[in-house]
Amino acid sequence: SKYSNILKVPNEIMGIFYYSLIFIFSVLSFFNLGFLTLPTTTFIKIIISGLATLFSLILGYIQLFILGNYCDSCIASTLVNILIFLIIIFYACITY
């Protein structure tokens with residue numbers, strides 16, 4: 001559909017980029033490197049995962065209410081994004 005690309009970038013590519021960024025910043029948080037402090041990487045993960053969750057919810061709305069169709073893997077991806085966001089928020093709350 002016309003909703004499968006944002007600024008001519010396929011949603012799948014944006015998803016791969018998102019999951020890669022979350023992985024990279026999680027690894028950086030784990031090693032707690034001096035140039036990227038733990039609060040900085042956590043803040044970046046909150047922003048990135050929050051935007052991804054919002055984007056997933058918008059696409060889910062479009063999928064269900066505008067297109068009138070749904071995709072099991074898309075719903076699962078949205079749930080995973082919500083879970084990632086909640087885990088990062090929970091981690092930030094108990095750490096800081």
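**View A. Helix 3 spans residues 72-95 of this predicted model.** Its 24 residues reach 34 Å from the first C-alpha to the last, close to the 34 Å expected at 1.5 Å a residue; the expected span is 1.5 Å times one less than the number of residues. Helices (H or I, at least four residues) and strands (E, at least two) are DSSP runs, numbered from the N terminus. Residues are numbered from 1 along each chain as its sequence is written. The model is predicted: local features need pLDDT of at least 70, side-chain atom pairs count only at pLDDT 80 or more, and totals for chains, interfaces and linings use all residues, while side-chain values use heavy atoms, with hydrogens and water left out.

View B. Thr78, Asn81, Ile84, Ile88 and Ala92 are buried (under 20% relative accessible area; exposed is over 50%, partly exposed in between; 1.4 Å probe, protein chains only).

**View C. A nonpolar surface patch covers about 860 Å².** Tyr61, Leu64, Phe65, Ile66, Leu67, Tyr70, Ile75 and Leu79 make the patch. Helix 2 and helix 3 are the elements that give two or more residues to it, and helix 2 gives the most, with four.

**View D. Ile66 is found in helix 2.** Ile66 is partly exposed, with a relative accessible area of 47%.

Methods
Patch = residues over 30% accessible without salt bridge, like charges linked within 9 Å, V, L, I, M, F, W, Y side chains within 5 Å. Areas by Shrake-Rupley, 256 points an atom, 1.4 Å probe, with all protein chains shown as cover. Salt bridge = Lys/Arg side-chain N within 4 Å of Asp/Glu carboxyl O.
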